[in-house]
Each structure stands twice: as structure tokens, then as C-alpha cells.
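User: I am new to this structure and would like to go through parts of it with you. Could we begin once it is on screen?
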Amino acid sequence: MGSAGGGGSRGGGRRRRRTAVMSEINMTPMVDVMLVLLIIFMVSAPLLTVGVPIDLPQTSANPLNEEKEPLTITVNTKGEVFLQETQVQVEEIAPRLIAITNSGYDERIYVRGDRNVVYGQVMKVMGTLSAAGFRRVALVTELEQGS
């Protein structure tokens with residue numbers, strides 16, 4: 001006898017196999033991406049600081065908040081002067097800063113002097129900046145430990 005009702009494998013009533021919906025989020029790819037980003041930031045963070053190594057004096061003054069990277073002049077223990085990371089002579093500072101600055105003489109300029117440098121060398125740099133017309137010159141120090 002034949003099947004009249006439709007219980008066969010063809011035609012009428014099909015059987016559907018439903019797979020259970022996966023209700024868990026696969027965290028492995030997200031963790032992998034986060035670990036790669038962590039490594040990238042750990043490697044690149046030390047490179048973001050100014051490259052001339054000096055020992056800054058300490059003070060208890062509050063830090064300034066700046067959004068963009070400031071122009072930095074550094075005087076190391078040997079009395080060598082650097083504009084950003086390029087060594088320059090004191091006489092060359094003003095012409096180079098005038099060529100670099102976008103907002104003219106109102107650009108913020110930071111002077112970093114090693115704690116063991118001769119005081120007169122830092123004052124010579126600041127005097128050159130002042131004579132050139134730069135009005136926003138600031139000295140950079142480290143925050144005192146234990147304050």
C-alpha cells in the first residue's frame with residue numbers, strides 16, 4: 001500500500017532540523033585586538049616624549065594643560081641647545097622659531113634646562129626669545145616627589 005498522507009521524505013510534510021541559536025558572544029577576537037592595541041600603545045608611548053634626555057629640576061607648581069604639541073627648547077648639561085630634537089646655536093633660535101610658528105609671537109614656547117646646567121646659559125636662551133618678541137615663554141620642571 002502506498003502512503004497517502006504525506007509521511008514520506010518527499011513532498012508534503014518536511015522535517016526541518018533546527019540548530020539551536022548560539023546565545024554566547026565569542027570574546028576571543030575582541031581580546032586579540034585589544035592585546036595588539038595594548039602592545040602598540042606600550043611601544044609607542046615612550047616615543048611621544050621629547051627626545052633630548054635631561055634631568056629637570058623639581059617644583060610643586062601645577063602642570064599646564066595643552067592640547068597640541070608645544071615648541072620646546074632644551075639646554076642639556078653640556079650647554080648644547082636643541083629646538084625640539086635638532087641641535088642649534090643660540091643665535092639661530094629666533095629665526096627658526098619665526099619660520100616654524102603659525103600664530104606668530106603668541107606661540108607657547110617651553111624652555112627645558114637640565115638642573116645641572118649653568119644658569120646663564122638658560123637665561124641667554126630666554127633673553128634671545130624675549131628679544132625676538134616671543135611673549136609666551138615658560139620654564140619646564142618636574143613635579144616634586146612626595147608633594
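User: What do E2 and E3 form, and how many residues lie between them?
Analyst: In this predicted model, strands E2 and E3 form a hairpin with 5 residues between them. Gly-79, in the turn, has a positive phi of about 85 degrees.

User: In which sense do E2 and E3 pair?
Analyst: E2 and E3 (residues 81-83) pair in the antiparallel sense, over 3 bridges. Val-75 has Val-81 in E3 as its bridge partner.

User: Which other strand is joined to E2, and by how many bridges?
Analyst: Strand E5 (residues 109-113) is joined to E2 by 5 bridges, and these two strands run parallel. Leu-71 stands opposite Ile-109 in E5.

User: Is E2 mostly covered or exposed?
Analyst: E2 (residues 71-75) is mostly covered, with 5 of its 5 residues buried. Leu-71, Ile-73 and Val-75 point one way from the strand, while Thr-72 and Thr-74 point the other way; all are buried.

User: Turning to the helices, at what angle do H2 and H3 pack?
Analyst: Helix H2 (residues 93-100) and helix H3 (residues 119-132) pack at about 55 degrees, and their axes are 9 Å apart. That angle makes H2 oblique to H3. The crossing of H2 past H3 is right-handed.

User: Which residues meet there?
Analyst: From H2, Ile-93, Ala-94 and Leu-97 meet Val-125, Thr-128, Leu-129 and Ala-132 of H3. The residues of this contact divide into 6 nonpolar, 1 polar and no charged.

Note on methods:
Residues numbered from 1 in each chain as written. Predicted model: local features only at pLDDT ≥ 70, side-chain atom pairs only at ≥ 80, totals over all residues. Heavy atoms only, no water. Axes fitted to C-alpha atoms, helices over the stretch in contact; angles between N-to-C directions. Helix = DSSP H or I, 4+ residues; strand = E, 2+ residues; numbered from the N terminus. Parallel < 35°, antiparallel > 145°, perpendicular 65-115°, else oblique. Left-handed = near helix turned anticlockwise from the far one by under 90°. Contact = heavy atoms within 4.5 Å. Nonpolar A, V, L, I, M, F, W, Y, C, P; charged D, E, K, R; others polar. Buried < 20%, exposed > 50% of the residue type's maximum accessible area, 1.4 Å probe, protein only. Pairing = 2+ DSSP bridges.
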